[in-house]
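Hi,

Here is the structure I promised to pass on. Have a look first, and my notes follow below.

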Amino acid sequence: MIRLNKPVKLYEWGEGTNTLNQVWNEVGQGRILSFKRQGGAATLVVEMDGKLVKKNQRDNSLKIAQQGEGMTARSERWGEVVMGKLKSVEERSGKSVLAIDVPFAAKVSAS
């Protein structure tokens with residue numbers, strides 16, 4: 001479940017040639033600004049400190065993780081809560097605002 005009040009970590013799919021060297025790499029941390037539903041899909045807007053630097057320019061997939069969520073419920077570990085595609089990046093006063101398309105239903109909670 002996506003918790004709107006918790007910080008998030010963003011991961012990109014690595015630029016490798018096989019499953020041993022193509023892994024998810026952290027590209028930043030931030031917070032969720034908004035979550036907008038449109039039909040079954042949604043757009044998640046995330047603000048992260050600094051500039052987004054992607055190493056794999058061929059793939060726009062992003063994984064979003066939150067502490068104590070996903071399959072790591074009630075722990076201090078970071079767990080995956082949703083995956084999506086990077087739609088746009090906007091630079092605002094030293095921060096990056098990312099719009100991420102989530103093409104499937106996702107549970108969202110304010111608490």
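A quick word on terms: strands here are DSSP runs of E with at least two residues, numbered from the N terminus, and two strands count as paired if DSSP finds at least two bridges between them. Please keep in mind that this is a predicted model, where local features need pLDDT of at least 70, side-chain atom pairs count only at pLDDT 80 or more, and totals for chains, interfaces and linings use all residues. Residues are numbered from 1 along each chain as its sequence is written, and side-chain values use heavy atoms, with hydrogens and water left out.

Now to strand β4, residues 41–49. One of its neighbours is β3 (residues 24–38), which pairs with β4 in the antiparallel sense over eight bridges. Within that pairing, S34 has V45 as its bridge partner, and Q38 stands opposite A41.

Finally, seven of the nine residues of β4 are buried (under 20% relative accessible area, with a 1.4 Å probe and protein chains only), so the strand is largely enclosed by the rest of the structure.

Cheers

Key:
Buried < 20%, exposed > 50% of the residue type's maximum accessible area, 1.4 Å probe, protein only. Helix = DSSP H or I, 4+ residues; strand = E, 2+ residues; numbered from the N terminus.
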